[in-house]
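Subject: Structure for your review

Dear colleague,

Please find below the structure that I am handing over to you. I would be grateful if you would read the notes with the structure open.

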Amino acid sequence: MDSSIDEAAAQPGGAVQTPPATPPRTPDPAMPAATEPAGEAAPRTNPVPAAGGAGAERSAAAPTSLSPSRASDFMQCPLLYRFRVIDRLPEKPSEAATRGTLVHAVLERLFDAPAGERTAPRAKALIPGQWDRLRESRPEVTELFADDPEGQRLAGWLAGAERLVERWFTLEDPTRLEPAERELFVEAELESGLRLRGIIDRVDVAPTGEVRIVDYKTGKAPRPEYAEGALFQMKFYALVVWRLKRVVPRRLQLVYLGSGDVLTYDPVLADLERVESKLHALWEAIGQATETGNWRPRPTKLCGWCDHQAHCPEFGGTPPPYPLPVTAPGPGTV
Ligand code: SF4
């Protein structure tokens with residue numbers, strides 16, 4: 001499968017499309033999302049007035065669609081989902097997530113070059129320009145290095161991005177790939193009316209029509225017992241592709257640049273049906289929480305990554321007033 005797609009994709013005339021110019025995106029589900037598909041509420045990285053307050057950029061609204069990142073948020077902690085999707089509380093950019101966004105942009109743009117020129121030096125040479133572009137599109141990321149007047153920390157951070165880009169060349173050979181899509185926005189509506197959306201890093205299509213969905217992660221591969229959680233996002237995308245094209249992707253591939261691992265899974269239709277059922281159950285739970293205002297905190301080790309401890313009852317904080325009408329108050333409404 002791998003080789004058939006790689007070899008086929010390397011042939012001129014394969015299913016190649018000019019990629020649209022897309023904004024930088026988020027690398028790892030465990031990290032706060034920097035960008036999300038248009039239309040889906042996502043964490044803000046700029047301070048804004050409280051939802052509904054004077055001068056608010058956008059009033060709070062009930063969620064209308066689901067992405068893998070936000071579905072993972074709800075599974076991790078319903079209150080975190082509320083803070084991100086409904087309250088839209090601001091979040092600070094992090095060095096790790098921003099580096100992931102930068103590396104994604106570099107890997108995407110490298111495919112603009114002719115196949116034979118997609119080398120590691122060429123990819124690394126793209127980093128400064130993509131960093132400039134990222135700072136232009138998201139000025140808040142410059143805050144990351146505001147206390148680094150000599151530029152030493154920035155230099156180390158950029159060197160880290162170079163190492164991740166270099167490692168990719170040990171895992172895949174871009175001279176033998178001709179992606180059908182890069183940074184592909186996908187959206188599908190299920191019969192229930194639930195809208196699923198997301199952005200797929202790369203789609204490879206063989207002349208036989210076999211589809212491979214590829215996602216880059218700048219972190220390390222999970223231990224085997226956590227692989228299922230890592231594959232959830234990929235099965236989500238596979239479900240959307242199946243709903244759109246009636247084609248079950250042949251392979252799902254996670255490329256971990258942090259540890260130099262590649263995790264693959266070949267889904268079957270039953271996998272996608274299970275994911276669909278899971279998402280329906282998740283959406284029902286989100287709907288109930290939206291109506292009752294009961295968004296329970298679920299503390300885990302991941303709280304260390306959460307920007308909202310000051311608003312979280314588990315850490316002695318108080319959530320902001322719930323900005324939506326409560327139509328069915330329940331016990332424990334937060
Ligand atoms: S600190 Fe932990 S429990 Fe509280 S909202 Fe964040 S993830 Fe949830």
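This is a predicted model: local features need pLDDT of at least 70, side-chain atom pairs count only at pLDDT 80 or more; totals for chains, interfaces and linings use all residues.

Residues are numbered from 1 along each chain as its sequence is written.

Helices (H or I, at least four residues) and strands (E, at least two) are DSSP runs, numbered from the N terminus. A residue is called buried if 20 or more other C-beta atoms lie within 10 Å of its own, exposed if 12 or fewer, and partly exposed in between, with C-beta atoms placed from the backbone.

In helix 2 (residues 68-76), 7 of the 9 residues are buried, so this helix is largely enclosed by the rest of the structure. Among the buried ones are Arg 70, Asp 73 and Phe 74. Their cover includes strand 1 (65-66), strand 3 (195-205), helix 8 and helix 9 (269-292), as well as helix 3 (78-86).

Helix 3 is also largely enclosed, because 9 of its 9 residues are buried. The cover of these residues includes helix 2 and helix 9. After helix 3 comes Arg 88, with a positive phi near 55 degrees.

The axes of helix 2 and helix 3 (lines fitted to C-alpha atoms over the stretch in contact, with angles from 0 to 180 degrees between N-to-C directions) come within 5 Å and cross at roughly 140 degrees. Two residues are in contact if their C-beta atoms, placed from the backbone, lie within 7 Å. Helix 2 contributes Arg 70, Asp 73, Phe 74 and Gln 76 to the contact, and helix 3 contributes Pro 78, Leu 80, Tyr 81, Arg 84 and Val 85.

The nonpolar core

A nonpolar core is a set of buried Ala, Val, Leu, Ile, Met, Phe, Trp, Tyr and Cys residues joined through C-beta atoms within 7 Å. The largest one has 60 residues, and Ile 213 and Tyr 237 are among those with the most contacts inside it. Helix 8 (residues 227-245) supplies the largest share, 10 residues. Beyond its neighbours within four places in sequence, Ile 213 touches residues including Met 234, Tyr 237, Ala 238 and Val 241.

Yours sincerely
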